[in-house]
Amino acid sequence: MESSFSSTSIWLLQILIFATLLTVRAQLPGTWELIVPNAGVSSMHTAVTRFNTVVLLDRTNVGPSRKMLPKGHCRYDPNDVVLKKDCYAHSLVFDLQTNQIRPLMILTDTWCSSGQFLPDGTLLQTGGDLDGFKKIRKFEPCEPDKSCDWVELRDVELVNGRWYATNQILPDGTVIIVGGRGTNTVEYYPPRKNGADELKFLADVEDNQMDNLYPYVHLLPNGHLFIFANNKAVMYDHEANKAIRDYPALSGGPRNYPSAGSSVMLALEGDFSTAVIVICGGAQYGAFIERSTDTPAHGSCGRIVATDPNPGWEMEDMPFGRIMGDMVLLPTGDSLIINGAQAGTQGFEMASNPCLYPVLYRPDQPVGLRFMTLNPGTIPRMYHSTANLLPDGRILIAGSNPHYFYKFAAEFPTELRIEAFSPEYLSPDRANIRPVIEGIPETVRYGEAFDVFVSVSLPVVGIVEVNFGSAPFATHSFSQGQRLVKLTVTPSVPDNGRYRIKCTAPPSGAVAPPGYYMAFAVNQGVPSVAHWVHLVP
């Protein structure tokens, strides 16, 4: 009788705990949706185009994917150890409107490569491993019903081969390509006459497990670059090709690949003279060398005003330790931290304890109140996963392949599902304050005054912001070229059933490099669906 009562009590207690967990989860902000059950390719690199399509890119020497190329389109590589004749897709273009997927053909290895959109909206893609080491590729995006595809440039290649490098568009629309494994130099596209220039800083911060790969590169509004690798940073003058300033070291161990957390430059606003950099998470030093999957990840964040005359790091802690998290700038200026693991390091099968909880970083709050834990996902997104802001305000989550080849019978299998996370600003109870952009120019010039027309269900109270968000190239927990610029605006004025907002375009390419931006109207913290605007000199 006692045994029966004990079993019943335990069973009831388990039910109570489960119900409590469900209730707690339901109360956390944000919602998840599965939008593609099987993309066929696990995305290592992801970018959103101005045609509201998404480019997904893996590596070529991964063996069979789960998506075939069109008949007659096969890649022939006598040096590929798995597939000499490869008729599988390793890149896709995904239509956000229809959720349809079209295979793309990539010819050389894009493993751990880098990318950036050019001013005309073309995706520049550089480097990789093996036959892709020195390659430069382009993807000129098109309407979803067209047949654009990857093009490998034959008349130009990288001066130095680049594997684990970072790209950043510059004020004049050219692109700097920084670092790479065993490549402590920078070079440019289009190429400069002097080829590649040594960046001694990268060699100085390299340790015996590297930790200087995929450096965090941010274009500051003064035109210089903030380059961070391992635990140190410099201000880099890309015109003189030299480091002109050293920043204090960031405590808490290495922060870049293979120990990477993530980094963002917060929204530029006001007179655009101040740039604040945030770096969060990372693996403990030694976890990579020891192949330790259970060493706890760092939970600390460092925040620095990179343009300050005497900058110092302000430290704070996330709710969770996290390695391989993605920091995504939201249209509001907040940052979402999502994906990754709570233990281990980057590398194949070298992490454990997935961090399923996204975290919202609210930079305007005081220290200690900046982080908010959000509704957890259910799919582990470990090594080689990505996160990208979409024009409708959701965050696209793709990839996760912690194995050398595709492997599905594993604790953390190769992930072919694509999800979207909706922050709380997209909840139904805020729909009546969500603005709709009714009119906005397709092209604006630097410093130009222009009008934006919006409609809102409820009367507008306060300022409606107009914010320009770039479309970055996301890979390995860092979004290359990510940027948010809050335009100078006047209070909205009623105008024939709509509201007119007078805006001023960014003043220079240092504040916002030329190219296509997602233009969001933001009302009381709720963003509209973005319209693409071409910012030109």
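In the predicted model, Cys112 has a relative accessibility of 0% and therefore counts as buried, the cut-off for that class being under 20%. Cys503 is likewise assigned to the buried class, because its relative accessible area is 2%.

Turning to the cysteines that are bonded, the count of disulfides comes to three. When the bonded cysteines are counted along the chain, the disulfides follow the pattern 1-2, 3-4, 5-6. One of these links joins Cys74 to Cys87, with a sulfur-to-sulfur distance of 2.0 Å. This pair links distant parts of the chain, since Cys74 lies in the loop between β3 (53-57) and β4 (75-76), whereas Cys87 lies in the loop between β5 (85-86) and β6 (91-95), 13 residues apart. The link of Cys74 and Cys87 is right-handed, with 100° about the S-S bond, and both Cys74 and Cys87 are buried.

A disulfide is also found between Cys142 and Cys148, where the distance from S to S is 2.1 Å. The link of Cys142 and Cys148 is left-handed, the angle about the S-S bond being -75°. Cys142 counts as buried because its relative accessibility is 14%, which falls under the 20% cut-off. Cys148 also has a relative accessible area of 14% and is therefore buried.

Cys280 and Cys301 are joined by a disulfide with an S to S distance of 2.0 Å. Distant parts of the chain are linked by this pair, with Cys280 placed in strand β21 (residues 276-282) and Cys301 in strand β22 (residues 298-305), 21 residues apart. With 120° about the S-S bond, the link of Cys280 and Cys301 is right-handed, and Cys280 and Cys301 are both buried.

As regards the overall architecture, the protein contains two helices and 45 strands. Its radius of gyration is 23 Å, close to the 24 Å that the globule rule gives for 537 residues, so the protein is as compact as a globular protein of that length. The C-alpha trace spans about 85 × 65 × 55 Å along its principal axes. Of the 537 residues, 61% count as buried, and among the contacts with a separation of 6 or more, 62% are accounted for by residues 24 or more positions apart.

Among the strands, six form an open sheet in the order β7-β6-β3-β2-β37-β38, and their pairing is antiparallel. The edges of this sheet are β7 (101-104) and β38 (478-480), each of which pairs on one side only. Neighbouring strands of the sheet are turned against each other by 20° on average, direction ignored.

The loop between β7 and β8 (114-117) contains Thr108. Thr108 counts as buried because its relative accessibility is 7%, a value under the 20% cut-off. The side chain of Thr108 is joined to that of Arg137 by a polar contact of 3.2 Å. When neighbours within four places in sequence are left aside, Thr108 is in contact with Thr60, Asp131, Gly132, Lys135, Arg137 and Glu152.

Methods. Residues numbered from 1 in each chain as written. Predicted model: local features only at pLDDT ≥ 70, side-chain atom pairs only at ≥ 80, totals over all residues. Heavy atoms only, no water. Disulfide = S-S within 2.5 Å. Helix = DSSP H or I, 4+ residues; strand = E, 2+ residues; numbered from the N terminus. Buried < 20%, exposed > 50% of the residue type's maximum accessible area, 1.4 Å probe, protein only. Pairing = 2+ DSSP bridges. Axes fitted to C-alpha atoms, helices over the stretch in contact; angles between N-to-C directions. Polar contact = N/O pair within 3.5 Å; in protein donor to acceptor, adjacent residues only side chain to side chain. Contact = heavy atoms within 4.5 Å. Rg over C-alpha atoms; globule rule 2.2 N^0.38 Å.
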